[in-house]
There are 2 protein chains.
Amino acid sequence: MKGPRGVTIADVAARAEVAASTVSYVLSGKRSISPATAQRVMDAVAELGYHPHAGARSLASRRAGVIAMMLPLRDGMHLPVLMQFASGAVTEARRHDQDVLLMTADEGPAGLARVAASSIVDGLILMDVEVRDPRVEAVRRLGLPSVLLGFPADAAGLTCVDLDFTAAGRECADYLIGRGCRDIALLGASEAVYERRTGFAERVRSGFLDRRGDGRAAAGPGPRLAESAAAVPCPDDPVSVQRTVKELLASRPDLTGLAVHNEPAVPHVMHALADAGKCVGEDFHVVVIGPDEVGERVHPPLPSVLVPAERLAEIAVGHLMRKLDGLEVPESTLVEPQLTVR
Amino acid sequence: MKGPRGVTIADVAARAEVAASTVSYVLSGKRSISPATAQRVMDAVAELGYHPHAGARSLASRRAGVIAMMLPLRDGMHLPVLMQFASGAVTEARRHDQDVLLMTADEGPAGLARVAASSIVDGLILMDVEVRDPRVEAVRRLGLPSVLLGFPADAAGLTCVDLDFTAAGRECADYLIGRGCRDIALLGASEAVYERRTGFAERVRSGFLDRRGDGRAAAGPGPRLAESAAAVPCPDDPVSVQRTVKELLASRPDLTGLAVHNEPAVPHVMHALADAGKCVGEDFHVVVIGPDEVGERVHPPLPSVLVPAERLAEIAVGHLMRKLDGLEVPESTLVEPQLTVR
DNA sequence: CTCCGTAATCGAAGCGCTTCGACAAGACAG
DNA sequence: CTGTCTTGTCGAAGCGCTTCGATTACGGAG
């Protein structure tokens, strides 16, 4: 039924004149083998282009060498970040000799049950976990080693990794304050986003508002504070963005610093500011929270606090690997955001 | 070493009081089984939550139930399209009871050799195939059933699927002509893109220029033609876009229709047109080639010819499944673009 | 009433790998 | 020189599944 039978461990063993088990031990390093024999085996492996049959290996060793990565491929979620994450995860997984099975979030808990039961994967990375996420319960029940990106309501006993959004908000405020702004504001995502994932957007907001001085002394020990800071939600569409910015400027005439946590809105914000006669980079400062490209693609280029998606992926995969090896990992990991000044 | 041993086919067999082989036949349908027995088996499967061990299955049947999808995860390539493609591919694969292994293009030919040799996948989908692509040779050599997205220089014996870019260019021209534009232009990607993938960008251009009348009769049989049409490349950065548009308008004062085949440039094009006093939608028409969001996120919303990524994915996966079943598929499939008017 | 074809089921033989216990051959202490 | 460890290697027993005869039971044809 299948064409060329493929080179098996027996072929390698024959070629190196050893037993199949010896080949296995050379490859896995689980028993000591004399250097001479090991070399002969490695040569045979190279000459024959041997790669162990994944199925046979998983059957015998109860380790598939594959991890599943469940992404919210359909919507929401910022795309570049997702891609960077996916890319980083695959690269990191390969470094650990693992492959990555891609699943969409809409396979849901049943999908997780399936891959777990069929032993097709050894572990799981769950992206974009929401506060009330049905998949979380499934993960708990299945007992499959996993790492979540995002924090569910009850994270006890789970390994979670996420960007430190509070710190991101704070960094934006600090950047603006450092530029001399006394009155600053945060332009957030649409209301809908705030409802969907408690945490995420709110944490940015609270970090940002942390730096609100409200008349308190702006000097002395501790971080410098803004005299005044506000946060307003904002829909994605061009017209609403323009309106929101216009209203914001009208209601706060002394505003000189704006943090934008709403990727698609950025170009329109710039437009609106220009219309209002603000000269970004001189009498007005803007910082965006989002991937680098967003800040790069407008004129003038904007500094940005980005989600270090690749780092997140590395950390997540790294933690998962450690769990697979039975090692301990921290339950909760917050990754520092990175501010890129342009 | 592993916790709960998992439910096996033997457990199901015991529960249903049949032989393991009978369970296998019920599940695969490869031999006829009496309805009564089949029912008992199905019940047992459901009650125990049985899922066959993927490794064992692949070992015994020489079919892994997994296909590999190699994406250029690092750069280039338009992101939303990629995501839609990935999403569509996974969904379609699941419909055929297959899982998807995600690989990055930088694993290259060696990665293909590895997955092929380890029988971890049954087939391959290669995204974003370029004219001279080292992976193509590997695919040929390995003889692994595969489907390519894009056309390599020598596509003989391979199954290739792609958007009909020539038709996309033509459709843009036709749309503008239909709007009454007599002098139209195509704003393309940066020179670099044209060099990287012969085909792709060029085909759009040639389709577009197909509708150039150059003084020929604009009436009569056949498609209506524009009196004049031009194509200019354009870099991505805001400043260059502005300059390019300005120069274009200056050199062609009668220009009233523009097709933009350069996603990041779109907002800046709109800006430049506004600066030049053009009123898009009334005295000037713009159509973009790219995913819907691009057209939606500017003001006014623009019609767009999009890459039907999801369809491409379905077709690619569908073809691959057919190949896995030993059926015939066309060597070359061109997918019609879709024009969305707003 | 026998013979044969068909339908339904079973048992056993692998698939290619890992892993466990055995075992031969030295190394070394007594 | 005998007994005890190591070290390096082998053989065999599965892992859970599919698949290929073989086997039984049952009708209908002769």
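**Reading a two-chain model on DNA**

Helix 2 of chain A gives the most to the surface near DNA strand C, with six residues. The model is predicted.

Q: Which residues come nearest to DNA strand C, and which elements give two or more residues to the surface there?

A: Start from the residues around the strand, then group them by element. There are 31 residues around DNA strand C, and Ile9(A), Ser21(A), Ala60(A), Ser21(B) and Ser32(B) come nearest. Two or more residues each come from helix 1 (9–16), helix 2 and helix 4 of chain A, together with helix 2 and helix 4 of chain B. By type, this surface divides into 15 nonpolar, twelve polar and four charged residues.

Q: Which residues come nearest to DNA strand D?

A: Of the 32 residues around DNA strand D, the nearest are Ser21(A), Ser32(A), Ile9(B), Ser21(B) and Ala60(B). Here helix 2 (20–28) and helix 4 (54–61) of chain A contribute two or more residues each, as do helix 1 (9–16), helix 2 (20–28) and helix 4 (54–61) of chain B. Helix 2 of chain B gives the most, with six residues. The types here are 16 nonpolar, twelve polar and four charged.

Q: What rotation superposes chain B on chain A?

A: Look at the angle and the shift along the axis together. A rotation of 180° with 0.0 Å of shift along its axis does it, at an RMSD of 0.1 Å. That is the relation of a two-fold axis.

Q: How many residues does each chain bring to the contact?

A: Chain B brings 46 residues and chain A brings 46 residues. On the chain B side, helix 4, helix 5 (79–95), strand 2 (99–104), helix 6 (108–117) and helix 11 each supply at least two residues. Helix 5 of chain B gives the most to that side, with nine residues. That side divides into 24 nonpolar, 14 polar and eight charged residues. And 100% of the interface residues of chain B are also interface residues in chain A, so the copies meet through the same surface.

Q: In what order do the twelve strands of the open sheet run?

A: The general idea is simple. Strands of a sheet pair through backbone hydrogen bonds, either parallel or antiparallel. In this model the order is 11(A)-5(A)-4(A)-3(A)-1(A)-2(A)-2(B)-1(B)-3(B)-4(B)-5(B)-11(B), with mixed pairing. The edges are strand 11 (332–335) of chain A and strand 11 (332–335) of chain B, each pairing on one side only. The twist averages 25° from one strand to the next. Helix 5 (residues 79–95) of chain A packs on this sheet, touching strand 1 (66–71), strand 2 and strand 3 (123–126) of chain A, and strand 2 of chain B. The direction of that helix makes about 85° with that of strand 2 of chain B.

Q: In which sense do strand 2 of chain A and strand 2 of chain B pair, parallel or antiparallel?

A: Check the bridges. The two strands pair in the antiparallel sense over three bridges. Val100(A) has Leu102(B) as its bridge partner. For the other sense, take strand 3 (residues 123–126) and strand 4 (residues 146–149) of chain B, which pair parallel over three bridges. There Leu126(B) stands opposite Leu148(B).

Q: Which strands are the edges of the six-strand sheet in chain B?

A: Read the order from end to end. The open sheet runs 7-6-8-9-10-12, and the pairing is mixed. Its edges are strand 7 (228–232) and strand 12 (338–340) of chain B, each pairing on one side only. Neighbouring strands are turned by 20° against each other on average, direction ignored. Helix 10 (residues 200–209) of chain B packs on the sheet, touching strand 6, strand 7, strand 8 and strand 9 of chain B. The direction of helix 10 makes about 165° with that of strand 7 of chain B.

Q: Why does Leu339(A) count as partly exposed?

A: The neighbour count decides. Leu339(A) has 16 C-beta neighbours inside 10 Å, so Leu339(A) counts as partly exposed. Leu339(A) is found in strand 12 (residues 338–340) of chain A.

Note on methods. Residues numbered from 1 in each chain as written. Chains lettered and ligands numbered in written order. Predicted model: local features only at pLDDT ≥ 70, side-chain atom pairs only at ≥ 80, totals over all residues. Near = placed C-beta within 6 Å. Helix = DSSP H or I, 4+ residues; strand = E, 2+ residues; numbered from the N terminus. Nonpolar A, V, L, I, M, F, W, Y, C, P; charged D, E, K, R; others polar. Buried ≥ 20, exposed ≤ 12 C-beta atoms within 10 Å, placed from the backbone. Contact = placed C-beta atoms within 7 Å. Pairing = 2+ DSSP bridges. Least-squares fit on C-alpha atoms with pLDDT ≥ 70 in both. Axes fitted to C-alpha atoms, helices over the stretch in contact; angles between N-to-C directions.
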